[in-house]
Structure formats: C-alpha cells, structure tokens
Amino acid sequence: MAVCGYAQNTSLRGTIEIDGSSTVYPISEAAASGFNKSYSNVKVNVGVSGTGGGFKRFTKGETDISDASRPIKDSEFAACKEAGVSFYELPVAYDGLTLVLHKDNDWVDYLTIDEIKKIFTTQGNAKTWSEVRAGWPEREIKIFAPGTDSGTFDYFKEVVIGKSETSLRADMSTSEDDNVLVTGVSGSPSAIGFFGVAYYEENKDKLKSVAIVNPSTGAKVSPTATTIEDGSYAPFSRPLFIYVNAKSFQRAEVRQFVAYYLQNAPKMAQATGYVALPATIYREGMMRCRAQAKGAGTHYLTESMEKRGGAVTEVYKSENLVK
Amino acid sequence: MSEATPPDDRMELQEDPGQQDQRQQRRLRGSDGRMLLDQYFRVACIGIAGISVVILAFLLGSIIYQGVPSLSWTLLSGTPEPEPSEAGAWPAIAGTIWVCTICALITLPIGIGTAVLIEEFKPRNRLANRIFSAIQLNISNLAGVPSVVYGILGLTAFVSMFGLFGSLKGGESSLEIGAVYYDQFTNLASDPFLSMGAENARERYFLAPVASPSDPPTVATSGMEMFEYQGDQKVPVKISVFDPFGDLPSDPEELSLAIAADTIPGRISEKSWYYFSLPFGRGVLAGSLTLMLVILPVIIISSQEALRSVPSSLRDGARGLGATPWQVVWNITLPAAAPGILTGSILAMSRAIGETAPILIIAGIVYIRNAPQHLMDSYTVLPLQIYNWTSRPQEEFHAIAAAGIVVLLVILLSFNAIAVILRQRMQNKVR
C-alpha cells in the first residue's frame with residue numbers, strides 16, 4: 001500500500017484548503033508540514049478563523065477540511081445539509097481544557113463544578129474569592145477567557161452552563177490570543193483563566209493548574225496526559241476534530257492527506273502538547289472514510305438534532321452516526 | 001560741551017561695561033521672566049522629544065536583542081514549520097513582495113493622476129468646481145479612515161464582488177482565464193483506503209484533461225492515454241482498467257498502470273501565471289486592491305502638496321511659450337514635483353508593507369508553504385506571519401517573531417532610505 005512508503009512523490013498534484021479552530025491548528029500545521037515532505041507538489045493551506053468561522057466557510061463548500069475544537073452544532077449541520085455538503089467527522093486528539101491560576105495563589109487547592117459556576121456565570125457572579133468558598137481571602141477575582149468565537153469558549157460554556165438559563169459573565173477579559181491570557185493570569189495573583197492544555201504545558205513556570213472534582217467519582221483530578229486520556233479529568237477533557245468534506249475526499253490528494261493525518265495523529269498530538277486518543281478511535285475514523293457515503297455524518301447530534309454528550313469512546317460509534 | 005552733559009549720563013558712562021551688560025541681562029530676564037520661561041520651554045521640548053526617542057530606542061534595542069540571534073538564512077528562505085528551528089518566512093516575504101508590488105503598480109498611476117487632475121486642471125465652471133471640492137473633501141476624509149474599515153470594504157468589493165459573479169463556492173468561479181482542468185486518477189496501489197494485493201506496485205497518479213470544469217467525471221477505459229507528472233514534465237502514459245476484486249496483472253510495472261474500474265477521479269486545476277478569475281476571491285489581487293484603498297488618499301495628498309510647491313512662474317513661462325496643458329504637466333510640473341511625489345509614494349508604500357488589519361480581514365491567518373504563483377493565489381504577508389508566531393505557546397517562536405520584526409524593519413528602513421536618496425538626487429537634477 002502506498003502510505004507505507006514515505007519516499008517523495010512529486011506526481012500527486014492539487015490544493016487542500018483547511019480552516020477553523022486555533023486549538024486544532026498546530027496539529028493540522030504539523031500534518032501539512034509532514035505531508036509536504038512526502039508529497040511536495042500538493043499545496044496545503046491551513047487557516048485560523050476559529051471553529052465557528054471555519055464551519056461558516058466549510059458549510060459553503062469553500063474549504064475541504066474544517067478544524068474544530070467542539071462537535072458541529074445543529075445549526076451548522078443544517079447549513080451543511082442545505083448546501084448539500086456531507087462530511088466525515090474524525091476525532092484527532094484530546095485536549096484538557098485547563099483552569100489556571102497565578103503561581104502565588106496558595107488558597108485554591110481544587111474547584112468543584114458548582115464553585116466554577118459561582119466564578120464564571122452571571123448567576124453566581126462572585127466578585128471575591130471569599131464568595132466562592134468560605135475561608136478564601138477577600139480578594140477580587142480577575143477572569144481571563146478565550147474569545148467568544150473560539151471553540152474553547154463554546155465548550156467551556158457548554159460544560160459549565162449546559163441547558164440552564166444563566167450565561168457566562170460579560171465582565172471577563174477575553175482574547176483570541178491565548179498568550180494574552182497567559183500574560184493576564186501570570187500578572188495578577190488573584191486571577192483565574194482557562195485555555196487548552198498545550199498553553200499550560202508551555203507556561204508551567206508561570207502558572208499553576210487547578211484540580212477539578214470529577215462530578216461522578218468525586219475525586220480531585222489535575223489535567224495530565226494520563227487523566228485526560230482515561231477520561232478521569234472530567235468534564236473538561238474534550239476531543240478535537242477535523243471535518244472532511246465528502247466530495248473533496250474523492251480527490252486523491254485529500255484522501256492521502258486525511259490518511260496521513262489519521263496515521264500520524266497520535267504522534268502529532270503529543271508533539272503539539274495534546275493527548276492522543278485511544279487507537280480504536282483512529283481506526284473507527286479510518287472506517288468512516290472507507291465506508292464512503294455510509295460513513296458520512298455526525299455522531300454528536302441525535303436524529304432529532306439534540307446534542308449528544310459523553311466520552312468520545314462512548315459517542316464515536318457507528319450506531320450513533322446521523323446523516 | 002562736556003560741562004553741559006547731564007550728571008546721570010556721565011555716571012552711566014563712568015560705569016564698568018561689564019556691569020552694564022549684567023544689568024541689561026537682568027532687565028531682560030528679571031523684568032518678566034521671559035528668558036527664563038524660554039529656557040524652561042526649551043528643556044521641556046528636549047525632554048519630550050527625548051522620551052519618544054528613548055522609548056523607540058528601547059523598543060528597537062529589545063527587538064534587536066531578542067531577534068538578531070534567531071536571524072538566519074533559514075528564516076529568510078525557509079517555509080514555516082511547526083519546529084521552531086526549521087521555521088522560515090519565505091512565503092510571507094514573497095507574499096509581501098507580490099502584494100506591495102501590485103499595489104504600487106495600481107496605486108501610483110491612479111494617485112498621481114488624481115493629484116494632477118485636481119491641481120493642474122482647475123475647474124472652469126461652477127458645477128465642475130462643486131465636483132472638484134467634493135472630491136477634495138472626500139480624499140481628505142478618507143485619509144483618516146481606520147484601515148480595518150477598508151479591509152471590510154475590500155472583503156465585499158473585491159473578494160466576493162458583491163456576489164455579482166456567483167459565489168466563491170468550491171472555488172468554481174463563473175469566469176476564469178488561464179486554468180486547465182484535469183481529472184486526477186489514482187492507480188490501484190495508491191489508494192490508502194484500499195489494500196488489495198497491490199502493495200508491491202508503486203504509487204502513481206494520472207491526469208486526464210477536462211474541457212470544462214463543469215464536465216462530468218471522466219470514465220477511464222483500458223488503453224486510454226493520460227498524463228503523468230515525472231519530475232516537472234507531463235509524460236503521456238497508457239493506462240488499463242481492472243476490477244479491483246478480480247484478477248490483477250502480476251507484473252509490477254503493468255500493475256502500477258492499473259486503475260480500479262469504479263475509480264472516481266478528483267478534479268484538480270493547474271493555473272498559469274496569468275490566471276485570472278471573477279470574483280477575485282481571497283487572493284493577491286484582492287489584497288493589493290484593499291491596500292490601494294488604504295494608501296491612495298495618502299499618495300494623492302502628498303502628490304498634491306508636491307505639485308503645489310512647483311512655482312507657478314514655471315507653468316506660466318511654459319504656457320507663454322505656447323505649450324499645451326499636457327506639455328506643461330509632462331515636461332515642467334511633473335519633473336519639478338517628482339522628488340516630493342516619490343517621497344510621499346515611497347512612504348505610503350512602506351505603510352502598505354506594515355499594514356496588518358485589512359490583510360487580516362481579507363486573507364486571515366493562513367499557513368502557507370508556497371510563494372504566490374498568480375494573482376488569485378492565496379498568500380500571507382510578513383506582519384501576519386509575525387502575528388501568527390507571537391500567538392504560539394512556545395518561547396522559541398516568540399524569538400523567531402522578533403527576528404521577523406527585524407526583517408520587516410530592515411525592509412521598511414531601506415524603503416525610507418531609498419526615498420531620501422531619490423529625493424536628494426532628483427532635487428540636485430532639477431536645480
């Protein structure tokens with residue numbers, strides 16, 4: 001089979017357009033760079049428009065692959081259907097959404113979901129740490145969060161708020177640039193913020209992560225490769241996806257690229273600060289692609305367009321596939 | 001006579017000249033403190049100017065300190081890679097050169113032409129006068145519009161062209177010149193999602209030319225002649241069609257020319273250097289035109305200033321000798337105003353090089369490994385590449401970003417140096 005040989009092939013031609021999440025971008029960039037070493041005449045352009053922005057172009061058929069740090073939404077799925085765009089949904093890595101504190105913050109040892117709600121929602125609206133838990137100092141909480149167009153923000157909102165009436169506070173400092181968040185939190189001892197685990201790994205000397213109480217087991221779990229992979233870092237461990245336009249997938253260069261992506265995803269995920277998914281998930285992904293039209297669709301929406309949640313190993317099964 | 005001199009006058013004369021000088025100075029300073037105030041003002045001015053120079057020096061120093069160690073040939077000639085030590089900015093540098101060159105080629109004639117119209121061909125009746133002053137007012141106002149607004153304007157006007165020529169869907173535009181379409185077939189061996197005993201054959205791809213992008217997919221038949229890229233050459237080859245689940249040829253060479261019967265080819269296109277399409281899409285041309293909007297008012301205004309500074313005696317003289325308005329403009333006014341026009345234009349161009357916001361809206365942050373090949377090709381520019389690097393978590397990328405800033409600064413400073421040199425040379429010539 002061809003993919004075993006990584007000898008350079010110059011005869012394959014074509015252009016692949018990718019756009020979407022800034023969280024997935026490093027993995028796609030690594031894939032594009034590695035792929036070009038084997039197929040030097042295929043152009044791979046990777047854009048960064050955020051998950052929502054990427055889907056906007058993907059549903060119009062402007063891009064071949066969309067990077068996403070959350071599953072597709074019902075509205076986006078409907079737009080795809082309307083435009084006649086069908087797609088393969090392929091999880092490529094785990095990300096542990098990490099809550100971070102200033103290095104000198106010595107009072108927060110762990111947080112429960114209820115406490116996180118107190119800090120981040122308009123309903124909780126805690127102004128000082130003493131309002132979050134009795135005994136914590138009466139210091140003002142400064143919040144740094146990713147921008148509202150990012151999948152990270154959406155995912156956090158989904159986990160913390162779910163279907164309840166409240167919403168995330170509007171008085172947070174938000175930025176699309178995660179380095180701004182790192183600088184913000186590391187510059188103020190009473191600050192809290194959140195972003196993907198990759199940024200925490202690179203800034204361990206400036207920040208510290210918060211252990212989260214797993215709502216089902218009650219254990220306090222810190223985000224590490226092990227806890228993210230085995231799912232005990234719940235509910236903030238999340239899968240990252242690429243969505244491949246099924247029509248583009250008929251093109252040889254896209255097929256080769258997606259195959260390269262799936263085969264090298266575990267290695268690339270680790271190199272970029274993320275966590276590899278279980279091998280069975282990548283194999284499932286391969287099967288979706290191989291099944292052609294039968295493998296297209298999403299696993300994260302039910303027939304009635306309700307959101308389906310849970311661990312990726314539970315959700316990413318062929319019986320959950322909705323076209 | 002000497003007796004008649006008033007006593008106080010004599011006293012003054014008897015005074016020591018140095019003392020007199022002192023008193024005069026005291027009167028100047030002491031009476032209302034004017035000179036003292038002047039001294040303070042001067043110190044304040046030096047201080048304020050000093051602050052900005054110190055800040056600039058500090059910024060430059062810190063960038064050079066951070067950036068120079070990462071400057072390397074790889075940075076200038078390499079492609080952007082996820083590994084910081086291999087990362088380069090060549091596609092971004094090439095993109096900047098493309099965008100700015102095309103921007104200059106479009107903007108300079110329009111800008112200078114407009115300035116000549118307004119300055120040299122004064123309106124002759126009231127209606128024309130109204131129109132001219134409306135244009136003038138518009139240009140002055142447009143110079144102050146934030147560049148991000150031009151970016152949004154460019155997105156509708158150039159990228160999608162108000163949707164007049166169909167959507168950007170799938171890159172299939174309604175009007176194209178210079179594109180050749182092919183159906184790309186894979187041989188049995190090269191499909192990563194099929195493995196059917198074709199492992200020992202090498203991977204090959206064949207191209208079948210398609211007349212029009214809307215044609216149905218080519219159906220491969222045995223003996224059909226297709227092209228294969230060998231190196232950069234297109235070589236004709238004869239392919240054969242087999243049922244992937246039936247008997248396959250055993251000879252590896254023959255097997256490598258085999259295409260599965262149900263293969264659906266992928267449509268790709270090859271674009272020549274003169275490729276052109278409507279709407280423009282997110283390519284180089286749309287970016288250049290958007291930058292044109294940003295710097296056009298600047299160029300018009302500076303050209304107007306330059307034309308205005310040409311003494312009217314020159315024009316009158318030429319006209320007196322019977323020159324037509326065209327001759328006056330071409331032979332007298334433009335050459336005399338050229339140093340000023342050039343300086344203004346080059347400074348405007350250096351603004352275009354550093355401009356990020358409109359390009360960010362038009363092109364977005366894109367990871368691109370190739371320099372643009374044609375006017376509609378996707379691209380990235382140096383400021384965006386720097387922005388991309390600074391938003392990475394790894395510290396090493398921040399150092400590379402600093403090195404990118406040094407490259408950008410060198411380009412900008414050399415542009416400004418060219419402006420200064422040209423100005424001096426041409427001024428000497430005119431004299």
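Two residues count as in contact here if their C-beta atoms, placed from the backbone, lie within 7 Å. With that in hand, here are my notes on the model.

This is a predicted model, in which local features need pLDDT of at least 70 and side-chain atom pairs count only at pLDDT 80 or more, while totals for chains, interfaces and linings use all residues. Residues are numbered from 1 along each chain as its sequence is written, and chains are lettered from A and ligands numbered from 1 in the order in which they are written.

1. **A helix pair in chain B.** Helices (H or I, at least four residues) and strands (E, at least two) are DSSP runs, numbered from the N terminus. Ala92(B), Ile93(B) and Thr96(B) of H5(B) meet Leu382(B), Leu384(B) and Gln385(B) of H13(B). By class, this contact has four nonpolar, two polar and no charged residues. (Ala, Val, Leu, Ile, Met, Phe, Trp, Tyr, Cys and Pro count as nonpolar, Asp, Glu, Lys and Arg as charged, and the others, Gly among them, as polar.)

2. **Geometry of that pair.** H5 (residues 90-120) and H13 (residues 382-390) of chain B pack at about 150°, with their axes 8 Å apart. Axes are lines fitted to C-alpha atoms, for helices over the stretch in contact, and angles run from 0 to 180 degrees between N-to-C directions. The two helices, H5(B) and H13(B), are therefore roughly antiparallel to each other, a label given to angles over 145 degrees.

3. **Chain B overall.** Its secondary structure comes to 14 helices and eight strands. Of the 431 residues in chain B, 35% are buried, that is, have 20 or more other C-beta atoms within 10 Å of their own, with C-beta atoms placed from the backbone. Among contacts in chain B with a separation of 6 or more, 72% come from residues 24 or more positions apart.

4. **The sheet in chain A.** Five strands form an open sheet with mixed pairing, in the order E8-E7-E9-E5-E10 (chain A). Its edge strands are E8 (173-175) and E10 (207-209) of chain A, each pairing on one side only. Two strands pair if DSSP finds at least two bridges between them. Direction ignored, neighbouring strands of this sheet are turned by 25° against each other on average.

5. **Strand E5(A) and its partners.** E5 (residues 98-102) and E9 (residues 191-195) of chain A pair in the antiparallel sense over four bridges, with Thr98(A) opposite Phe195(A). E5(A) also pairs with E10(A), antiparallel over three bridges; there, Leu101(A) has Lys208(A) as its bridge partner. E5(A) is mostly covered, with five of its five residues buried. Helix H7(A) lies across E5, E7, E8, E9 and E10 of chain A, running at about 155° to E9(A).

6. **Where the chains meet.** The contact takes 42 residues from chain A and 36 residues from chain B. On the chain A side, elements giving two or more residues include H1 (25-38), E2 (42-48) and H7 (178-186). The largest share, six residues, comes from H1(A). By class, the chain A side divides into 14 nonpolar, 16 polar and 12 charged residues.

7. Val48(A) has Ile365(B) as its bridge partner in E8(B).

Conventions: A residue is buried if 20 or more other C-beta atoms lie within 10 Å of its own, exposed if 12 or fewer, and partly exposed in between; C-beta atoms are placed from the backbone. Angles under 35 degrees count as roughly parallel, over 145 as roughly antiparallel, 65 to 115 as roughly perpendicular and the rest as oblique.
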